[in-house]
Amino acid sequence: MNFVHKTWYWMLVAFITLGLIASCGDSPTASQPDELISDFDVYYPNEDTEWHLWQTGMLVEYDFEAIPRSKYAMIELFRDDSLAIELTEWFFNEIGSETTSLQIPESCGMGDDFRIRVITLEEDTGYSAQFSIDGYYLSEFVEAPAGSFMMGSDTTEWAHQSDESPVHTVTFASSFEIMSVEVCQRLWENVMEENPSTFLGDSLPVEYVNWSECQEFIDNLNMVDPDYNYRLPTEAEWEYACRAGTDSWFFWGDDNSTGTVGLYGWYNPNSDASPQNIGSLEPNPWGLYDMSGNIYEWCEDVSHDNYTGAPTDGSAWVSGGNQGYRIQRGGSWSSQAQFLRSANRTSLSETQRSMSCGFRLIREPK
Ligand SMILES: [Ca+2]
Ligand SMILES: [Ca+2]
């Protein structure tokens with residue numbers, strides 16, 4: 001576009017924006033075109049258009065074929081569901097591929113509700129389209145650095161159990177990214193379109209999901225995210241991330257008093273007999289929440305009675321052992337303090353569900 005066209009274009013955009021801000025708030029079909037945009041046809045993508053705002057804090061994916069006659073698209077991202085709210089950012093994309101992505105501003109945090117409005121313009125006639133989706137959860141991933149740690153515990157540790165031995169060195173040649181929170185119900189619902197949890201709430205961790213169902217969730221997520229693949233943590237990754245450089249009973253030290261444990265973990269004495277909102281207590285030194293308590297977390301590994309023969313490179317241990325049983329880590333809302341220890345392990349059949357077990361994710365670039 002030359003300068004004159006650009007100026008005209010941005011004027012159109014400004015008019016349409018003002019018009020839509022003044023007139024929106026209802027579903028697209030219910031909104032009345034404002035005078036300011038009455039010179040333009042209004043085009044609404046069909047109801048089958050799929051919108052994805054993923055939890056990785058970085059991506060909106062949309063299908064340009066739903067807006068076939070438009071050459072440019074702009075996207076506004078709003079907080080809250082009132083349109084009087086701040087306009088966080090504008091995005092501008094030339095249409096040329098089936099999908100595109102945009103960066104979610106860092107000021108938008110996990111748990112915020114969003115509305116997204118898309119305006120498309122054809123250079124000559126001017127088409128606009130807008131509709132909104134709400135509230136896909138965003139959440140952060142934390143980088144666990146490459147390095148080594150001592151996995152497991154020995155008999156000198158309080159409440160040690162034999163499956164935590166022998167203590168062995170595990171070395172990660174590369175860093176990896178792990179979700180800072182447990183997968184919440186809203187995220188599960190957005191991906192799976194159902195919610196199996198016993199205790200219902202958008203910000204509560206999803207639970208009552210068996211290991212196999214977690215794999216289905218992950219498969220679905222991997223199909224739609226163009227940038228990342230997701231998977232369960234290996235047991236070694238989980239413990240490395242939980243310890244976050246510590247070698248004490250818990251990531252906060254060797255203090256098992258109720259007052260201290262309750263700062264970091266939801267467990268029997270402080271949970272009111274139910275899971276609590278994700279990320280609502282103090283995190284570990286790497287910024288990971290609820291590694292101790294709230295819900296147990298599925299790992300990739302098959303259960304083994306002890307660490308004899310375990311891999312030392314951080315990979316999942318899936319051969320031998322108790323086939324059909326998978327590791328769970330971290331203790332839960334119903335646990336006593338000893339089960340919140342960083343070294344504690346337990347397992348469950350991969351087809352069995354528990355109202356005290358969910359999961360978190362690892363992600364890797366595609
Ligand atoms: Ca947990
Ligand atoms: Ca145990």
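User: Welcome to this predicted model! How many bridges join strand E13 to strand E14?

Analyst: Happy to start there. Strands here are DSSP runs of E of at least two residues, helices are runs of H or I of at least four, and both are numbered from the N terminus. Two strands pair if DSSP finds at least two bridges between them. E13 (residues 296-303) and E14 (residues 322-329) run antiparallel, and the number of bridges joining them is 4.

User: Before going on, how are residues and chains labelled, and which pLDDT limits apply?

Analyst: Residues count from 1 along each chain as its sequence is written, while chains are lettered from A and ligands numbered from 1 in the order in which they are written. As this is a predicted model, totals for chains, interfaces and linings use all residues, whereas local features need pLDDT of at least 70 and side-chain atom pairs count only at pLDDT 80 or more.

User: Which residue of E14 stands opposite Ser-303?

Analyst: Ser-303 belongs to E13, which spans residues 296-303. Its opposite number in E14 is Asn-322.

User: Why is E13 described as largely enclosed?

Analyst: A residue is buried if 20 or more other C-beta atoms, placed from the backbone, lie within 10 Å of its own; 12 or fewer makes it exposed, and in between it is partly exposed. E13 is largely enclosed by the rest of the structure because its buried residues number 8 of the 8.

User: What is the strand order in the antiparallel open sheet, and why do E8 and E12 each have a side without a neighbour?

Analyst: The antiparallel sheet has 4 strands in the order E8-E11-E17-E12. E8 (141-144) and E12 (228-231) each have a single partner strand, so one side of each lacks a neighbour in the sheet: they stand at the edges.

User: Which residue in E17 is the bridge partner of Glu-177?

Analyst: E11 (residues 176-179) pairs with E17 (residues 362-365) over 2 bridges in the antiparallel sense. The partner of Glu-177 there is Arg-363.

User: At about what angle to E11 does helix H4 run?

Analyst: Axes are lines fitted to C-alpha atoms, for helices over the stretch in contact, and angles between N-to-C directions run from 0 to 180 degrees. H4 (residues 235-243) lies across E8, E11 and E17, and its angle to E11 is about 75°.

User: How many residues of H4 are buried?

Analyst: The buried residues of this helix include Trp-238, Tyr-240 and Cys-242. H4 is mostly covered, with a buried count of 9 of its 9.

User: Is Asp-255 buried or partly exposed?

Analyst: Asp-255 sits in the loop between H4 and helix H5 (258-264). Because it has 14 C-beta neighbours inside 10 Å, Asp-255 counts as partly exposed.

Technical notes:
Two residues are in contact if their C-beta atoms, placed from the backbone, lie within 7 Å.
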